[in-house]
Amino acid sequence: MIATKTKNAVAAAIVGSALLLSGCGVFSKELRTELIIDSSPEKVWSALTDFEQFPNWNPMIRKVEGQPEPGEKLSVFVQAKGAKGMAFTPTVTKVEPNRELRWLGTLGISGLFDGEHIFTLEATDDNSIKFVHREQFNGLLIPILMPFIQEDTLRGFGDMNLALKTLVEGLK
């Protein structure tokens, strides 16, 4: 009986500490890139949501199956150049045509290592688009896993951004 109470107290202390630390940002990390694309939001959006064409131009997100609709489950395979690939099944969380697309993936159990992938198109004063490509990571495994994925992820974002820019600007 005492051993069970001790185990429960230790578990409560661990969970409580994790919750306190999560408020300090220890279990949260955002990776962000951006660039200017000289094109309309409609053309950028069209390329970004034409998942069937990703293998033909996207050097990071090699495959996406599913529809860009809120609540839709996607099948995604990502592999930055020189990195190990990863398959996952995120859920589309937001679709605002010509402005924003988001999907949320989890590693096993929600709360361990979750990533919300976010693409934002922001109009500029000179009829271009600021393309913001980011991912908001949250979960208990952030301090352990981020050092292993941060560099490859940022490189993959940059490679994808340039490929999207090249593709869309070539459609003029």
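Let's begin with Phe 77, whose bridge partner in strand 4 is Ala 87. This is a predicted model, and here strand 3 (residues 75-78) pairs with strand 4 in the antiparallel sense over 3 bridges.

These strands belong to an open sheet of 3 strands, ordered 2-3-4, with antiparallel pairing. Strand 2 (61-65) and strand 4 (86-88) are at the edges with a single partner strand each, so one side of each has no neighbour in the sheet. From one strand to the next, the twist averages 10°.

Now move along the chain to strand 7 (residues 114-123). Of its 10 residues, 8 are buried, so strand 7 is largely enclosed by the rest of the structure.

Strand 7 pairs with strand 6 (residues 100-106) in the antiparallel sense over 7 bridges, and His 117 in strand 7 is the bridge partner of Trp 103. Strand 7 also runs antiparallel to strand 8 (residues 129-138), joined by 10 bridges; there, Phe 119 has His 133 of strand 8 as its bridge partner. Strands 7 and 8 form a hairpin with 5 residues between them, and Asn 127 in the turn has a positive phi of about 60°.

## The nonpolar core

Two residues from those pairings, Trp 103 and Phe 119, return in the largest nonpolar core, which has 33 residues. They are among the members that touch the most others, along with Val 44, Ile 61, Val 64, Phe 131 and Leu 164. Helix 4 (residues 142-169) gives this core its largest share, 7 residues.

What does Leu 164 touch, leaving aside residues up to four places away in sequence? Its contacts are Ile 37, Val 44, Ala 47, Leu 48, Trp 57 and Phe 131.

Definitions and conventions: Residues numbered from 1 in each chain as written. Predicted model: local features only at pLDDT ≥ 70, side-chain atom pairs only at ≥ 80, totals over all residues. Heavy atoms only, no water. Core = buried A, V, L, I, M, F, W, Y, C linked by side-chain atoms within 4.5 Å. Buried < 20%, exposed > 50% of the residue type's maximum accessible area, 1.4 Å probe, protein only. Helix = DSSP H or I, 4+ residues; strand = E, 2+ residues; numbered from the N terminus. Contact = heavy atoms within 4.5 Å. Pairing = 2+ DSSP bridges. Axes fitted to C-alpha atoms, helices over the stretch in contact; angles between N-to-C directions.
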